[in-house]
Structure formats: C-alpha cells, structure tokens
Amino acid sequence: MTELSKKIYDIVKTIPPGKVMTYGQIAEKLGNPKLARVVGNALHNNPTPIIVPCHRVVNSKGELARHFGFGGIEKQKELLEAEGVMIKNYKVVNVFNQFLLLVEVLLKKVIRKKFQWCCQEHFYLMVFLIM
C-alpha cells in the first residue's frame, strides 16, 4: 500500500454513516483536485472495505460506482440506504434540495400564482419565515 493510498483511506474513514463524499472532494482534501481518478483506483483496491467505508464515495454527479468493487452497484446502494442515504436511480438524492422544491410547489399552490425569486437568499428567507 502506498503512502498516498493510506492518506486516501484515512480521509474516507472520516466520512460519517449517512453521508457521502465525491472522489473530487477527497482529492481536494489531499491538496490536488486532479487526483480524483487516483482516489477511485485506490478505493477500488481497498484491502479493508469493512474498516475503510468506500461505499460512501460517489462521483461528482452523486452517482454510485457502476463497478463498485465489493459486491457491485446494488451492494453500494444497499449499504448507503441502510445508513439512511436516499438513492434514486442509483444517484444520491439531496434531501435539502428536494425539501426546498416541495416548499416552492406548496407556496405556489397557496399563493395561487406563479412567482419568481429575485435571488436564492429570498427563497431561503421565505422558507425560514414559514417554519
């Protein structure tokens, strides 16, 4: 095992259950965003998947690994869902963004007219005031 692989595994060990990171985020933590593929390769060769939770790493679009090395994509999906991560079409669902979309739809129904937010901050302020 290389020193770089050890650093990658140490970062992945810090990802808490129910959370994910991207290969690129891990590469940035290493100090070189261009190492995303190296991160993926190291995780594919992870000698201790029980200790290093490589199932918590997804691509930049939030998609699961098509060739997850420890049981395939279905196993990665199963492990993440068991930790409370929402998956749809083999992609991590950003629950907060889904909540904001739902609130916007509900507000449109309540106001009974379409509206445009001049900026995202106004929308968040409206959500905060409603809660």
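Tutor: One definition before we start: strands here are DSSP runs of E with at least two residues, numbered from the N terminus. In those terms, Tyr90 sits in the loop between strand 3 and strand 4. Keep in mind that this is a predicted model.

Student: What is the phi of Tyr90?
Tutor: Tyr90 has a positive phi of about 60 degrees, although it is not a glycine.

Student: And where is Asn89?
Tutor: Asn89 is in the loop between strand 3 (87-88) and strand 4 (91-92). Its phi is also positive, about 55 degrees, and Asn89 is not a glycine either.

Student: Is Asn89 buried or exposed?
Tutor: Asn89 is exposed, because its relative accessible area is 68% and the cut-off for exposed is over 50%. Tyr90 has 33% relative accessibility, so it counts as partly exposed.

Student: Different topic. What is the mean pLDDT of the chain?
Tutor: The mean is 83, and 76% of the residues reach 70 or more.

Student: Which element has the lowest mean pLDDT?
Tutor: Helix 6 (residues 120-130), with a mean of 59. Helix 1 (residues 3-13) has the highest, 96. Where pLDDT is low, the predicted coordinates should not be read in detail.

Student: OK. Which residues are buried in helix 3?
Tutor: In helix 3 (residues 36-44), the buried ones are Val39, Ala42 and Leu43. They lie on the same side of helix 3, because they cover an arc of only 95 degrees around the axis.

Student: What covers them?
Tutor: The cover over the buried residues of helix 3 includes helix 1, helix 2 (23-30) and strand 2 (57-58).

Student: Now the largest nonpolar core. How many residues are in it, and which touch the most other members?
Tutor: It has 17 residues, and those touching the most other members are Ile8, Tyr9, Val12, Ile26, Val39, Leu43 and Val57. Helix 1, helix 2 and helix 3 each supply at least two residues of this core. The largest share, four residues, comes from helix 1.

Student: What is Ile8 in contact with?
Tutor: Leaving aside neighbours within four places in sequence, Ile8 is in contact with Ile26, Leu30, Val38, Val39, Ala42 and Leu43. Of these, Val39, Ala42 and Leu43 are the buried residues of helix 3 that we went through above.

Student: What lies apart from that core?
Tutor: Another core, of five residues, lies apart from it, and Val58, Leu64, Val85 and Ile87 are among its members.

How values were computed. Residues are numbered from 1 along each chain as its sequence is written. This is a predicted model: local features need pLDDT of at least 70, side-chain atom pairs count only at pLDDT 80 or more; totals for chains, interfaces and linings use all residues. Side-chain values use heavy atoms; hydrogens and water are left out. Buried means under 20% relative accessible area, exposed over 50%, partly exposed in between (1.4 Å probe, protein chains only). pLDDT is the predictor's confidence in each residue, from 0 to 100. The arc is that of the directions from the helix axis to the C-beta atoms. Contact means heavy atoms within 4.5 Å. A nonpolar core is a set of buried Ala, Val, Leu, Ile, Met, Phe, Trp, Tyr and Cys residues joined through side-chain atoms within 4.5 Å.
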